[in-house]
Amino acid sequence: MLTKAKIRHHILFCTGNKCLGKGGEEMKILAQNIVDATPELSSLLVSKTGCVNMCESGPMVLLYPEGYWFSDMTEGRTKLLLESIRENREAPLPGNVAFVLTPHER
Ligand code: FES
């Protein structure tokens, strides 16, 4: 069981209606399965979220505490993102970051 003290990253998969229809739920399940099978990702919490109001850019995936909002996610990009988190890369997935929320905007 993941304890609050162990959580270092939180990844949220939009499963609002539009993103759900574009594979949001399947990507969340894929991510959870990868996290469950990867000890190095034990501090990553995987969740679903409702619509984040970027439906036309979805499926949307949000990563915190970095504040990255990824658009047009796919299962392949989900795997790359998790690999990037596992390896502690600074830029987790260049190319489809819709925007980054700065601390001021949070
Ligand atoms: S349903 Fe995902 S952003 Fe609206």
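Me: How many bridges join β1 to β3, and which way do the two strands run?
Reply: In this predicted model, β1 covers residues 9-14 and β3 covers residues 61-64. The strands run antiparallel, and the number of bridges joining them is four.

Me: Which residue in β4 is the bridge partner of Val61?
Reply: β3 is also joined to β4, by three bridges, and these two strands run antiparallel. In β4, its bridge partner is Phe70.

Me: Which residues have the most contacts inside the largest nonpolar core?
Reply: This core has 20 residues. Ile11 touches Ala31, Leu44, Val46, Val61 and Leu63, leaving out residues up to four places away in sequence. The residues with the most contacts inside the core are Ile11, Ala31, Met60, Val61 and Phe70.

Me: At what angle do α2 and α3 pack, and how far apart are their axes?
Reply: Helix α2 spans residues 24-37 and helix α3 spans residues 75-86. α2 passes α3 in a right-handed crossing. The angle is about 30°, and the axes are 10 Å apart.

Me: How many nonpolar, polar and charged residues make the contact of α2 with α3?
Reply: On the α2 side, the contact is made by Glu26, Met27, Leu30, Ala31 and Ile34. On the α3 side, the residues are Glu75, Thr78 and Leu82. By class, the contact has two charged, one polar and five nonpolar residues.

Me: Is Ser43 buried, exposed or partly exposed, and why?
Reply: Ser43 lies in the loop between α2 and β2. Within 10 Å there are 15 other C-beta atoms. A buried residue would have 20 or more and an exposed one 12 or fewer; therefore Ser43 is partly exposed.

Me: How far apart in space are Ser43 and His9, C-alpha to C-alpha?
Reply: Beyond its neighbours within four places in sequence, Ser43 is in contact with Lys6, Ile7, Arg8 and His9. Ser43 and His9 are 34 residues apart in sequence. Their C-alpha to C-alpha separation in space is 6.5 Å.

Key:
Residues numbered from 1 in each chain as written. Predicted model: local features only at pLDDT ≥ 70, side-chain atom pairs only at ≥ 80, totals over all residues. Axes fitted to C-alpha atoms, helices over the stretch in contact; angles between N-to-C directions. Left-handed = near helix turned anticlockwise from the far one by under 90°. Contact = placed C-beta atoms within 7 Å. Nonpolar A, V, L, I, M, F, W, Y, C, P; charged D, E, K, R; others polar. Core = buried A, V, L, I, M, F, W, Y, C linked by C-beta atoms within 7 Å. Pairing = 2+ DSSP bridges.
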